[in-house]
Amino acid sequence: MRMGGDARHPLSSFFMNRTSTMFQHLLLCTHGTPGARVAEDYFYNELWPGLTQARATVLTVVNQDWDVMVGDDWLNSSATRNTFRNHVDQQLAEEIEADWQRIRTTHPRASNCDFKRVFGPVEATIVEVARRLSCDLIVIGPYQKKQGPGFKARLQNKVLHPLLTAPLLVAPGDLHGKNH
């Protein structure tokens, strides 16, 4: 519950009251869904401002399943399959870049972030990227009761949690309220 005139989430004061060296490298995982946008807003408006020395990376994981999107008989030659796969990859790259541009426009400080697109199993890829980049905090959006448009893979906590090598922050937010 928010008290008085402070519109910040109570967890924000936890981070604001720590030294700016508490976290050195933050990993924001997003793919543009409503839950991911809650994470983006929390990250840029509440979390990162209190961690002035921390670097940040924005990660978009492309689920490994996209690669099996080869159709039936009309893709029966390897040249046709490769052409189609290249087309889909280009389309995906353009959509992700458009989403990253939305983030940069909405959150000007995002221009200071590195942006990465990585293919693979979602949970393992998040953890591997965090490990490879030496991230000491991973930020994701809250669970969505109803999946938003776009990204259809659901993050599986029972898969993610045992793999974690860094703390995981699930951005607070009620996606079931009237504002979402």
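Predicted model: local features only at pLDDT ≥ 70, side-chain atom pairs only at ≥ 80, totals over all residues.
Arg-37, Glu-40 and Tyr-44 come from helix 2, and they meet Asp-99, Arg-102 and Ile-103 of helix 3. By class, the residues of this contact are two nonpolar, no polar and four charged. The helices pack at an angle of about 35°, and their axes are 11 Å apart. Their crossing is right-handed.

Helix 3 covers residues 78-106. Buried residues of helix 3 are Val-88, Leu-92, Ile-96, Asp-99, Trp-100, Arg-102 and Ile-103. Asp-99, Arg-102 and Ile-103 also take part in the contact with helix 2. The buried residues of helix 3 pack against these elements:

| Partner of helix 3 | Residues |
|---|---|
| Helix 2 | 34-47 |
| Strand 2 | 55-63 |
| Strand 3 | 114-120 |

Now the nonpolar cores. The largest has 26 residues. Leu-26, Phe-43, Tyr-44, Trp-48, Val-58 and Val-139 have the most contacts inside it. Strand 1 (25-29), helix 2, strand 2, helix 3 and strand 4 (137-140) each give two or more residues to this core. Helix 2 supplies the largest share, six residues.

Val-58 touches Tyr-44, along with Trp-100 and Ile-103. Its other contacts include Leu-28, Thr-30, Cys-113, Asp-114, Phe-115 and Lys-116; residues up to four places away in sequence are not counted.

Notes:
Residues numbered from 1 in each chain as written. Heavy atoms only, no water. Helix = DSSP H or I, 4+ residues; strand = E, 2+ residues; numbered from the N terminus. Expected span 1.5 Å × (residues − 1). Buried < 20%, exposed > 50% of the residue type's maximum accessible area, 1.4 Å probe, protein only. Contact = heavy atoms within 4.5 Å. Axes fitted to C-alpha atoms, helices over the stretch in contact; angles between N-to-C directions. Left-handed = near helix turned anticlockwise from the far one by under 90°. Nonpolar A, V, L, I, M, F, W, Y, C, P; charged D, E, K, R; others polar. Core = buried A, V, L, I, M, F, W, Y, C linked by side-chain atoms within 4.5 Å.
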